[in-house]
Amino acid sequence: MVIELANLQVLEKKYGRATRDARDFLRKAYRKVDGPDLPYLLRHHPDDEDFSEEAIITDDETWLRDSFDSLLTYYGVLEIGCLIGFVPFPLPRPLKEEALLHLSDPAVRRYYEEYYPTLLPELFRLRLVGRQDLRETEGSAAAALFMDFLDISALIEDDEDVDCFLWLLDSGVFYENEEDDETAIDLEDLLSVLEDYDSFVAAVACKPSDQGYLEQAVQGLGKFLTFCPALEQVLDRARRYPYLQSAMWHYHGYWFGYLSTEIGGDLRNAVQHFARWQSKDTKPRERRESRASIRQMARTLKRLTGRGFDRPLRAAVRAALKSRKPHGRGPGSGL
Amino acid sequence: MQTHYYAPELPFGLNTCARWAVKPADTVCIFVHGFRGYALETWYEFPTILVEQGQCAAADLIFYGYDGKRARANTSANSFYDFLKKVGSQPAKIVNPTLQEAATPRRQTFKYRRIVLVSHSLGAVVTRFALLWAHQERKVWRKRVRQVLFAPAHKGSDISAMCSSILGMIKPLSAGGVDALLKLAYPVLKDLYVGSPTLKDLEDRTLRALSRKAKEHYLIAHRVIVGTDDNVVEPLQFGKDPLPVEFDGKGHIKVCKPNAGFLDPVTKLLEVL
């Protein structure tokens, strides 16, 4: 129990900091009659460009919503921790009560179930109310794998370059000059850099102090593509634990789910653009190695954006929602 | 049964992380990645396999990270040396602040019986410089150090081959492209070409520090491991190091990445614990 408690404390320390604003907001929203409007803050932001003024998310709201995302990430991590017995279960009462209060809030639920569907918070809520009790605690490898997974995930978390790349991939646009919204950088520009040898080398060789959004996005793509095979390896090593494997994929599920749609075609497209050029001095052996490594990367992206890793946990949620009886010692209410 | 505590963020280097032994530890293995590597990602299944090994139940594992692109080897070695001094002389000051309240803290006086530096590629240059300074300053703990080197870049490397792994894929660049990267993006490569003044200085000083008869010494690697398919580093003998052990069919990147079907890197490390 001591180790599990230490694990819980380290997770709280690692993930808790970024959740502070969301927790404060929730506290205020619950206490005051005229407190902040939670459903408004967690409103849906439509993908198309035809949205009303009201749907526009301000910068301040973006920071707060980021904190809500961090809170949901934290609860997702705790769900994986419970799944493999990495943290104590039942959880300490105050933590359990607070998590259940947050995850059961209709506005928060809509946010993670409908607007930006992520499975782990939902599974965690179902666990807290006693509607599911998945466990994969056999052997000592699960904890070690989970630690590796958390450290490898840090490769792309809180990284400005990666954020820059994902923003472009998410149909985002950057304006180089705030006063001039005529000159914008989008995904097409990134693809052009990748397919042109000179532009690519210039972007990679650019000093950090001279980097603009495009150069940062190229660096971010590099980090993302370093992360993908590392994640795939951790998932492969977790094959003995199908729920853990699926849960670790779902931790990044928003992006990989998103990448499985047409935007994933853009990422694979980026790799293909990169594959187009060859420098003149390339030897035949290097050319073969290059082709093989690009094929391997394409395979990795295809696997990560496929549905294979998604299924076990999704099936578990479905089963939990169908079941009427609560498992174990949960209160069995609140659904 | 979990044998190690999780310590994701150590306030040293870049993304340095650790696995602290639950049992009182008498050994520490410090893993140091190479050019453009990452603290943990470079080592693949090492941490998972090691924590499953009985021999490692009393060993702390540290995955040290640093800027393996821009910072020159000496600069990285300097930071690493600062860290190593703390590990050698006051390890409780490193371990205890990153242990959680629920875990039992280490005694303030505890010391490691063995400090194993496991390095890859450029990491070998970084650790070797740090050890030279420990030698120069006659640090007491230096005699407890052992080195295990995977594909060390201490005799130089093919810079263009080093640059060819890009965006997670292999893409050889022209000489001009390599030159641009060398000057602007990866200044550390100036330390790594065959015959560079940095590497020459490293070997000269190492040899000067060793007596003629020295065989077992912290400046002499215990194990040097290279892959037969490594076309990046010069596989020549450095100083008084033993002849390299060859891993068949492994290239520069995979030589230090064990998995269920390739446990040789772990075996070699366990031999020196």
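Which residues in H2(A) meet H4(A)? Keep that in mind as you open the model, which is a predicted one.

**Stop 1: two crossing helices**

Select residues 20-31 of chain A, helix H2, and then residues 59-83 of chain A, helix H4. Their axes come within 7 Å and cross at roughly 100°. That makes H2(A) roughly perpendicular to H4(A).

Now show the side chains. From H2(A), pick A:Arg20, A:Asp21, A:Ala22, A:Arg23, A:Phe25 and A:Leu26. They meet A:Leu64, A:Ser67, A:Phe68, A:Leu71 and A:Tyr74 in H4(A). Color this contact by class: seven residues are nonpolar, one is polar and three are charged.

**Stop 2: another crossing in chain A**

Move to helix H13, residues 242-251 of chain A, and helix H17, residues 311-322 of chain A. These helices pack at an angle of about 100°, with their axes 7 Å apart. H13(A) and H17(A) are therefore roughly perpendicular to each other.

On H13(A), select A:Pro242, A:Tyr243, A:Ser246, A:Ala247 and A:His250. On H17(A), the partners are A:Pro312, A:Leu313, A:Arg314 and A:Ala316. The contact of H13(A) with H17(A) has six nonpolar residues, two polar and one charged.

**Stop 3: where chain A touches chain B**

Zoom out and show both chains. How many residues of chain A are in contact with chain B? The count is 58, and they touch 42 residues of chain B. The size of an interface is often given as the accessible area lost when the parts come together. Here the buried area is about 4400 Å², and carbon and sulfur atoms give 64% of it. Highlight A:Ile3, A:Met147 and A:Asp151. They supply 13% of the area that chain A buries against chain B, more than any other three residues.

**Stop 4**

Several elements give two or more residues to the chain A side, including helix H1 (2-16), helix H8 (141-153) and helix H12 (213-237). By class, that side divides into 32 nonpolar, twelve polar and 14 charged residues.

**Stop 5: B:Arg19 and its partners**

Four salt bridges are counted between chain A and chain B. Center on B:Arg19. Its side chain meets that of A:Asp148 in a salt bridge, 3.0 Å from N to O. B:Arg19 also forms a salt bridge with A:Asp151, at 2.8 Å from N to O. A:Asp151 lies in helix H8 of chain A and B:Arg19 in strand E2 (residues 17-21) of chain B, so this pair joins two chains.

Conventions: Residues numbered from 1 in each chain as written. Chains lettered and ligands numbered in written order. Predicted model: local features only at pLDDT ≥ 70, side-chain atom pairs only at ≥ 80, totals over all residues. Heavy atoms only, no water. Axes fitted to C-alpha atoms, helices over the stretch in contact; angles between N-to-C directions. Helix = DSSP H or I, 4+ residues; strand = E, 2+ residues; numbered from the N terminus. Parallel < 35°, antiparallel > 145°, perpendicular 65-115°, else oblique. Contact = heavy atoms within 4.5 Å. Nonpolar A, V, L, I, M, F, W, Y, C, P; charged D, E, K, R; others polar. Buried area = accessible area lost by both parts, 1.4 Å probe.
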